[in-house]
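Here is a quick walk through a two-chain model. Have a look at the structure first, then read on.

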There are 2 protein chains.
Amino acid sequence: MKNLERNRALLEQRLGVRFVIRRIVVRDLKKPRDSTVDTALLTDQLDDILNDPEIQIVVELMGGIEVPLAFVKRAIQAGKMVITGNKAMLAEHGREIFELARQSNVAVLYEAAVAGGIPIIKAVRDSFVGNRFESIHGILNGTSNYILTRMTDAGMEFAPALEEAQALGYAEADPALDVNGWDAAHKAIILASLAYGFWIAPASVLVSGIENITAADIRFADALGYRIKLLSTIRVEEGGEIEVRVVPTLIPKSHVLASVNGVFNAVAVRGDIVGDALFYGRGAGQDPTASSVLGDLAEAASRLRAPQGCAGFTAHELYGQCRPVADAISKYYLRLAVEDRPGVLAQIAGLLGASDIGILSVIQPEGPEDGPVPLVLTLHDAPHGRMVATAKSLGELPCMKAEPVLLHMESFS
Amino acid sequence: MKNLERNRALLEQRLGVRFVIRRIVVRDLKKPRDSTVDTALLTDQLDDILNDPEIQIVVELMGGIEVPLAFVKRAIQAGKMVITGNKAMLAEHGREIFELARQSNVAVLYEAAVAGGIPIIKAVRDSFVGNRFESIHGILNGTSNYILTRMTDAGMEFAPALEEAQALGYAEADPALDVNGWDAAHKAIILASLAYGFWIAPASVLVSGIENITAADIRFADALGYRIKLLSTIRVEEGGEIEVRVVPTLIPKSHVLASVNGVFNAVAVRGDIVGDALFYGRGAGQDPTASSVLGDLAEAASRLRAPQGCAGFTAHELYGQCRPVADAISKYYLRLAVEDRPGVLAQIAGLLGASDIGILSVIQPEGPEDGPVPLVLTLHDAPHGRMVATAKSLGELPCMKAEPVLLHMESFS
């Protein structure tokens, strides 16, 4: 809103429309506000918006799921356009929201929900509309990326890197959704659903966070020529099934996504016509998000002047199936802590061989005099289910001194 | 057109419209065609399009300026939407084209004119509509970038690198517009005009090409920590004047644009709200351009269903003035070939000092036993006019053995 006032004259000149802020709903009317806010507009009643027929566009930036979902549905039913940055709500309820929007012939716009100021929603929805998407890879959570960057550049462990991110305001007091992968997963679900034309069920997405990544993993990856990133991978498989996963992933240092550091986000799109395109920018923060909301406001205004067909999401269901998580294929990084005695490597290699999982490379640095030694393997393409089961079996071997650490590797082929 | 047929079902499902190709104008009806082309649609008469009231959208990909300009103007007057990839026509005649489009209430769409498949026009026009643009930097000519990349990576001189680009199909038989900077300049003019809301006169843009860059310049730049790129710089100066220049420029190796290699294009946008955002992709070629044309076709179709205000370009003229080329400020790289005798450096430094141009750094590698020695200076911010005049005076010193080479440096501050 601060940013709407700041560039109001320019925006209205560019668009030829005038924006009037009618109401601002807040949780706590008594909280002190920025002097730019006209306190006469404040209310703590959502109904003050829903029941005002003059209000044509609502901007929902509440957080949470149930309250905004009920509000958004009522706003749509009242014929109001909705602009939202609520990725969790869209990822979990996109299907019903857009079905309702279609029936009510209003648009729901959500550029702010994915990758902050990067206009990736409009790119996928409009600019690349003539493409079949072969893959979309994204670094979609700035907090995780900041932590991994500090772990890489300064050799920090996860906990102090998280503390630093919190001290700098890059991580919330409760960082769970950021570091457990689900914030990025919500964004990946929205992107994948838009690209493939059907709403992806969160249960069909493989998600894991960065909490268990250690500085040692980052060093081993570095020695192998990789960086570890919380990577969102969206891909159409042979046969047309869609795979979506958001997991810490080893990516080659030479790939441009390996150079996306700190709180930045990036999305690499591969379309069958456009080829490779990459978008990069600030993924979070008040201002980049505001830029996306203003872009959506402009679109909403032009839709008000000329109602269009598309409600912001069009189901086309060309593919319509997610690949079961257990069947998704990947290369893997496996770090084991083993007893330092003869025959151990043979035992591990034997178990992998019996599961038909090929070994790409092995690093066994010298360990401490006493105690377990680290053993790092990179492994050929294998289905996730079989790989996880095999890692579990390996973990049960008597020579194992800690839980195996299993990470995906991505070669972008 | 091949690509429209390829993904027609998907595109029509996503958009809910049906595209019918009514006519294809070609120069030579007898030329053999791809088997996907329905020869019954071919004509060599532009009037067959202009006089057909059923045709609502025309796609102009002719090349040249006068013929397409006359055609586009007549199509607009006939109420047809125009999609064009003709950057030279738009850069030189954008003002009259969009004025006519506004009067006729049709849109002219031109995503394909700038940076191939990268959706930078829609990003600047729509997604970032709430931003004031502080700067836009672009690598907008793939041919020049390929040549400079090869000169950097393989130490080649300009001429053989150009020959290689031609052999690989990255450069036209007549590569003039690519290597003399004007292809990139046309794109920069379009971007700058869209961002600042008034049509920039080509005469107010500083343009120079890469023909005179030598492998030695690239080595010296490398030693100083820079890469040489044909960089388009668009910037609003204090006081609101706009500067547009397209010149070979030293950019710090650490900046992301320094890593954009080969035929790739990139555009870095700095908005007052969104902050820094970067777009990267294939800048030319039939397929990336086709992706942009298909995106524009989708937009044209939605505009046909619901006529909108904006004609593809909105004059707002918040700034409305270009900074005179002579007043534009930059740091510079200056390579001299001087006589190897005492007092030469003092003479040069004295002349720079008299012009109030500060020296940032000096490299004087050992030269050959006999003959001139290279002397490379980097220079503090100076107005272009004064810098050029000073370089000219330096060139007239008796100790000078060749024309001074003067290049811009950009620090992206």
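Is strand 15 (residues 405-409) of chain B largely enclosed by the rest of the structure or left open, and why?

## A strand on the inside

Bear in mind that this is a predicted model. In it, strand 15 of chain B is largely enclosed by the rest of the structure, because 5 of its 5 residues are buried. Both of its faces are covered. V405(B), L407(B) and M409(B) are buried on one side, while L406(B) and H408(B) are buried on the other.

Strand 15 of chain B also has strands to pair with. Strand 9 (residues 242-252) of chain B pairs with strand 15 in the parallel sense, over 2 bridges, and here T249(B) has H408(B) as its bridge partner. Strand 12 (residues 329-338) of chain B pairs with strand 15 in the antiparallel sense, over 5 bridges. In strand 15 of chain B, V405(B) is the residue that stands opposite R335(B).

## Chain A as a whole

Now for chain A, starting with its overall build. It has 14 helices and 15 strands. For 413 residues, a compact globule would have a radius of gyration near 22 Å, so the 24 Å of chain A agrees with that. Along the principal axes, the C-alpha atoms of chain A fill a box of roughly 80 × 50 × 35 Å.

As for the inside of the chain, 49% of the 413 residues of chain A count as buried. Take the contacts in chain A between residues at least 6 apart in sequence: 74% of these join residues at least 24 apart.

One piece of chain A to pick out is an open sheet of 3 strands, in the order 3-4-5, with parallel pairing. Strand 3 (57-60) and strand 5 (108-109) of chain A stand at the edges with a single partner strand each, so one side of each is left without a neighbour in the sheet. Strand 3 of chain A is joined to strand 4 (residues 81-84) of chain A by 4 bridges, and the two run parallel. Across that pair, E60(A) stands opposite T84(A).

Helix 12 (residues 286-305) of chain A packs on this sheet and touches strand 3, strand 4 and strand 5 of chain A. The direction of helix 12 makes about 170° with that of strand 4 of chain A.

## Where the chains meet

On to the interface: 49 residues of chain B are in contact with 49 residues of chain A. On the chain B side, the elements that give two or more residues are helix 2 (8-15), helix 6 (120-127), strand 11 (275-282) and helix 12 (286-305). Helix 12 of chain B supplies the largest share, 10 residues. By type, the chain B side divides into 21 nonpolar, 18 polar and 10 charged residues.

The two chains also pair strand to strand. Strand 11 (residues 275-282) of chain A and strand 11 of chain B pair in the antiparallel sense over 5 bridges. In that pairing, F279(A) has F279(B) as its bridge partner.

## The nonpolar core

Which residues have the most contacts inside the largest nonpolar core? They are L191(A) and L191(B), and the core itself has 260 residues.

What does L191(A) touch, leaving aside its neighbours within four places in sequence? L191(A) is then in contact with V114(A), I120(A), V124(A), I136(A), G138(A) and I234(A).

Notes
Residues numbered from 1 in each chain as written. Chains lettered and ligands numbered in written order. Predicted model: local features only at pLDDT ≥ 70, side-chain atom pairs only at ≥ 80, totals over all residues. Buried ≥ 20, exposed ≤ 12 C-beta atoms within 10 Å, placed from the backbone. Pairing = 2+ DSSP bridges. Core = buried A, V, L, I, M, F, W, Y, C linked by C-beta atoms within 7 Å. Contact = placed C-beta atoms within 7 Å. Nonpolar A, V, L, I, M, F, W, Y, C, P; charged D, E, K, R; others polar. Axes fitted to C-alpha atoms, helices over the stretch in contact; angles between N-to-C directions. Rg over C-alpha atoms; globule rule 2.2 N^0.38 Å.
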